[in-house]
Structures are given as C-alpha cells and as structure tokens.
Amino acid sequence: MRVTFDTNVLDLACRPDRFPKDARQPGLRKVFDALSSGAIEGFYSVTMLTIEGIMNNDRADVFSSTQLAMKPETTEILKASDLPEDVRAFVGNNDIESISMEFRVEQPSRQPLHPEVIARMKAAQELGLLVLKDVPRIGAFKFNDPENKFYLSTGEGEQRHNWIEKVLEVAAAIQARGLGFGQVKALGHALTSGDPAEAWFKALKGAKDVHEERAVQRAFSEWADGDAIAAHVAYGLDVFCSADVGKSNAKDSILDPTNRAWLSATYGVKFMTFEDLLDTLPSAVD
C-alpha cells in the first residue's frame, strides 16, 4: 500500500516517540513499524518544505520578495569542427561565439527551515519515505536532488510526460473550483493597489488587518493542500492519509467533504484518517 501522509499526520507515523502520552501510542508504533518493514510505502509532498516549511507569519513576506536575478553573461568560442552537422549546415563552417545567460528566481526573505521541520524530514528519510514533486510552475522554489534519492521519480520519456500532463490537469481543475493555488493568487490580485504593473504575489504582504492576514495564511495552506493532492493523483498512489479527512468542517478547502467527494469521484482519490489506516494494516505487523 502506497500512502501519502499529510503534514498533520507525518510526525505521528515517523516520530511516534514524540507523543509518549498519546493514547494511540501502540497504533503510532504500528504504523512506524509498517513503514520500517516495507508493509507500507510512505510519501509526503514537498510543499511541506517549500510552503508549509515557512513560518506562518513569514509566508507573505517570503513570496512577495520573489525576484528575478541574472548571473553575468559568459562567452565561449565554439569551433566549427566541434559543432553537430545540423548546426554547421545552419551557421556554415565558421567558428561561432556562444553567449550563455542564467536566470534565477530568488526569494531573499526565505529563512532556513525550522529545526523541527528538518527533524521531521530526516525521520521520514530514515524510514525510506520519498518526497512527491510539486506542480511545475515558473519561478517555483524547489529542492535539488542530484543523486535521485530525495524525490519519488516521475519516470522518463513518455512516463514523465504523462505525469506532467496529469499533475497540471488536476491542479488546473482544483484551481478552477477556486481552491488550491487559485485561492492565494486570487487573494493576491484582490490586495493589489489597482496598478496593473503590480505583481499579485508582491501584494500578499499588503493585508490591512488581522482578518486579511489570516486569510493570506489560510490561502497558503490551501495552496499546499491542493498541490499535494495533485501530485498524489499524478503519481497514482493508493491512499491520502490526513487528520482532516472526514472531520473538517472548513469551507472552501480542497479537503472539505464536498471537494473530497469530487476528488474521489473524478480522480479515484481514497482518503483515510490515521485511524482508518491502522485498521487496514496487515496482521503481519501487529
């Protein structure tokens, strides 16, 4: 069984020793052992680090600080003899000058991850949990994985193409319902000064009172939830485990009962609470 753990249950599964007084302690240990033995394959969304890993009060400042930076240009002379045939056919038999430019999107206000977030990430990694890649967006913050040990692979060639198509499809459908990333973007537009040149993400820190500040914070959490669901669907995983599932009375949330029903009917998402997951564990890990 391949299970995506929402942020609100990840510690329960990966760090049961943090909850010595929890009446569910035997159950926490049971899930931990199931992950350790491979009876459950566990995953979590990278949004736990890229979005939720930012302290709640800092999220608007971090994303409003997003800016484009360009590294200095570099030039190189490429000899005609080293060029591919099709390039030589286009440029002739002369050496050419290659100019390289690298653009980077930076968030100077982003701080290092909180020690508790790092501890949660390390505990999950030690149990073999892999991370689900996020919905690809221009300028999105990401963690590099040069050794291919951090993320669950999206495959190569056609398989990777299909993953991208599916994750974008689900994310767009969520956004069309006014949920997920759509909420934080809409709120940013609502907070702009009316200047058409003002970027919506820079307006997020312009909340005028505590009500707007809380709305911004909720929108970021909704963005993280929406992208986590989209990635879960695109990877074709079996269960999305969350403490909110079946209990949330929140409105305008991708995890509220109406939208969970839509996700289940449209994309086959199977939701479970932590207790539901315990009930499905094979007897071999009792």
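Is Arg 15 buried or exposed? Arg 15 is buried, with a relative accessible area of 12%. Buried means under 20% relative accessible area, exposed means over 50%, and partly exposed lies in between (1.4 Å probe, protein chains only).

This is a predicted model, in which local features need pLDDT of at least 70 and side-chain atom pairs count only at pLDDT 80 or more, while totals for chains, interfaces and linings use all residues. Residues are numbered from 1 along each chain as its sequence is written, and side-chain values use heavy atoms, with hydrogens and water left out.

**Salt bridges**

Side chains of opposite charge can pair when their charged atoms come close. A salt bridge here is a side-chain nitrogen of Lys or Arg within 4 Å of a carboxyl oxygen of Asp or Glu. The whole structure holds 14 of them.

| Salt bridge | N to O distance |
|---|---|
| Arg 15 and Asp 11 | 2.9 Å |
| Arg 29 and Asp 17 | 2.8 Å |
| Lys 208 and Glu 212 | 3.2 Å |

Asp 11, the partner of Arg 15, is also buried, at 8% relative accessibility. Arg 29 is partly exposed at 29%, and Asp 17 is exposed at 59%. This pair links distant parts of the chain: Arg 29 sits in helix H2, Asp 17 in the loop between H1 and H2, 12 residues apart. Helices (H or I, at least four residues) and strands (E, at least two) are DSSP runs, numbered from the N terminus. Lys 208 is exposed, with a relative accessible area of 67%. Its partner Glu 212 is partly exposed at 23%. Salt bridges with shared partners join Asp 11, Arg 15, Arg 18, Glu 116 and Arg 120 into one network.

**The sheet**

Five strands form an open sheet with parallel pairing, in the order S7-S2-S1-S8-S9. S7 and strand S9 (271-272) stand at the edges with a single partner strand each, so one side of each has no neighbour in the sheet. Two strands pair if DSSP finds at least two bridges between them. S1 and strand S2 (residues 41-45) pair over three bridges. The bridge partner of Arg 2 is Glu 41, in S2.

**Two cores**

A nonpolar core is a set of buried Ala, Val, Leu, Ile, Met, Phe, Trp, Tyr and Cys residues joined through side-chain atoms within 4.5 Å. The largest one has 34 residues; Phe 5, Val 31, Tyr 44, Leu 129 and Phe 274 touch the most other members. Elements giving two or more residues to this core include strand S1 (2-5), helix H2 (25-37) and helix H11 (274-280). A second, separate core of 26 residues includes Ala 171, Ile 254, Tyr 267 and Val 269.

Contact means heavy atoms within 4.5 Å. Leaving out residues up to four places away in sequence, Phe 274 touches Val 9, Leu 12 and Cys 241, among others. With that same exclusion, Val 233 touches Lys 166, Val 170, Tyr 267 and Val 269. Val 233 lies in helix H9 (residues 210-235) and is buried at 14% relative accessibility.

**On the outside**

Asn 148 is exposed, with a relative accessible area of 65%. Its place is the loop between strand S7 (130-132) and helix H7 (157-176). Most residues other than glycine have a negative phi. Phi of Asn 148 is positive, near 55°.
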